[in-house]
Every structure is written in structure tokens, then in C-alpha cells.
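Hi,

Here is the structure I promised to pass on.

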Amino acid sequence: MRTSEDVCLRGSCLCGGIAYRAEKPVQHASHCYCIMCQKQHGAAAGSYANVASAGFTYERGAELVTEYASSEHGRRGFCRVCGSTLFWRSTQSPDRIAVTLGTLDQEFDGPVNRELHTDTKPGWLPLRLPE
Ligand SMILES: [Zn+2]
Ligand SMILES: [Zn+2]
């Protein structure tokens with residue numbers, strides 16, 4: 001049985017004010033350990049699924065989305081109420097958007113096949129231990 005999860009990723013922010021959907025396919029998924037991602041997420045990495053921006057839509061709360069220009073071309077979207085980080089996009093590739101894996105409502109089940117900026121990957125990352 002095909003459900004909407006087969007064709008779309010669905011996500012929302014911590015306060016629930018914003019909900020979005022992003023059509024698959026995911027081109028690639030990544031953990032980015034650059035210092036800007038660490039600062040913005042307050043975490044070891046920014047984790048993203050790269051999808052087509054044409055298939056990205058807000059189901060609610062578009063007016064709550066705020067963008068921070070972290071570099072000349074980089075734009076980081078977040079909820080202005082709760083601070084959840086929602087996406088990264090580049091004005092140099094307007095056809096793509098990278099949505100944050102942590103805001104997805106269902107655990108991302110695809111492979112995360114890229115690690116970026118591993119030179120600044122922190123040593124305190126937790127291990128994924130067998131259960
Ligand atoms: Zn929010
Ligand atoms: Zn990064």
C-alpha cells in the first residue's frame with residue numbers, strides 16, 4: 001500500500017507552528033559538520049535531505065519562517081517562535097533545498113551517504129550502540 005510517506009517527506013518545527021512537505025526523491029542526505037551548522041543547530045552536525053525546491057511546500061506557518069543569511073549565498077531557515085532549524089538552501093542552486101532530518105515527523109529511513117566538513121567533526125559525537 002502506498003501512503004503519502006512514499007512520495008513525500010513531512011516535517012514540522014518544535015512548537016508545531018510550521019509544517020512542511022517535500023516531495024521525494026531525496027537526491028542525497030548528509031551530515032554536515034561545518035562550524036556554521038554546529039552553531040546554528042547547537043549540535044554536532046546539521047543533517048539534511050536534499051530535495052527539489054519545486055516540491056517543497058508549507059502546509060502551515062509559512063509566515064513564521066525566518067531566514068538567516070549565513071554566507072553570501074547560504075540561507076538557513078528557522079521558526080521564529082521556537083528556533084527549530086528547517087532548511088538550508090543556496091541562492092546559487094535555487095532548484096534545490098536541504099531539509100533538516102531532525103524536523104521530519106517520521107524517522108528518515110533513507111541512507112545518509114555524505115559526510116561534509118569532517119575536518120571539524122567533533123570528537124564528542126555519540127556512538128550508535130547496538131540495542
Ligand atoms: Zn516553531
Ligand atoms: Zn554545514
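Strand β3 (residues 28-32) and β4 run antiparallel, with five bridges joining them. One of those pairings puts S30 across from Y48, its bridge partner in β4. Keep in mind while you browse that this is a predicted model.

β4 (residues 46-52) also pairs with β9 (residues 96-100), again in the antiparallel sense and over five bridges. If you want to step along that pairing residue by residue, A49 stands opposite V99, N50 has A98 as its bridge partner, and A52 has R96.

So what does the whole sheet look like? It is an open one made of seven strands, in the order β6-β7-β8-β9-β4-β3-β10, and the pairing is mixed. At the edges stand β6 (65-69) and β10 (114-116); each has a single partner strand, so one side of each has no neighbour in the sheet. Going from one strand to the next, the twist averages 30 degrees.

On the other flank of β9 comes β8. Those two pair in the antiparallel sense over two bridges, and they form a hairpin with five residues between them. F87 stands opposite V99 in β9, and V99 is also the residue that A49 stands opposite.

Next, burial. Are β4 and β9 largely enclosed or left open? For β4, six of the seven residues are buried, so the strand is largely enclosed by the rest of the structure. β9 is largely enclosed as well, because four of its five residues are buried.

That leads to the packing. In soluble globular proteins, nonpolar side chains tend to be buried together. Here the largest nonpolar core has 22 residues, and the members that touch the most others are Y48, A49, V51, L86, F87, A98 and V99. The elements giving two or more residues to this core are β2 (19-23), β4, β7 (74-79), β8 (85-90) and β9.

Leaving aside its neighbours within four places in sequence, A98 is in contact with Y48, A49, N50, F87, W88 and R89. One of these contacts, N50, is the residue whose bridge partner in β9 is A98.

Past β9, G102 is found in the loop between β9 and β10.

Last, the record. An unreviewed UniProt entry carries the annotation "domain: CENP-V/GFA" over residues 9-131. In the model, that span is 6% helix and 41% strand, and its end C-alpha atoms lie 27 Å apart.

Cheers

Terms used:
Residues numbered from 1 in each chain as written. Chains lettered and ligands numbered in written order. Predicted model: local features only at pLDDT ≥ 70, side-chain atom pairs only at ≥ 80, totals over all residues. Pairing = 2+ DSSP bridges. Axes fitted to C-alpha atoms, helices over the stretch in contact; angles between N-to-C directions. Buried ≥ 20, exposed ≤ 12 C-beta atoms within 10 Å, placed from the backbone. Core = buried A, V, L, I, M, F, W, Y, C linked by C-beta atoms within 7 Å. Contact = placed C-beta atoms within 7 Å. UniProt positions renumbered as here; feature names shortened; annotations may be inferred.
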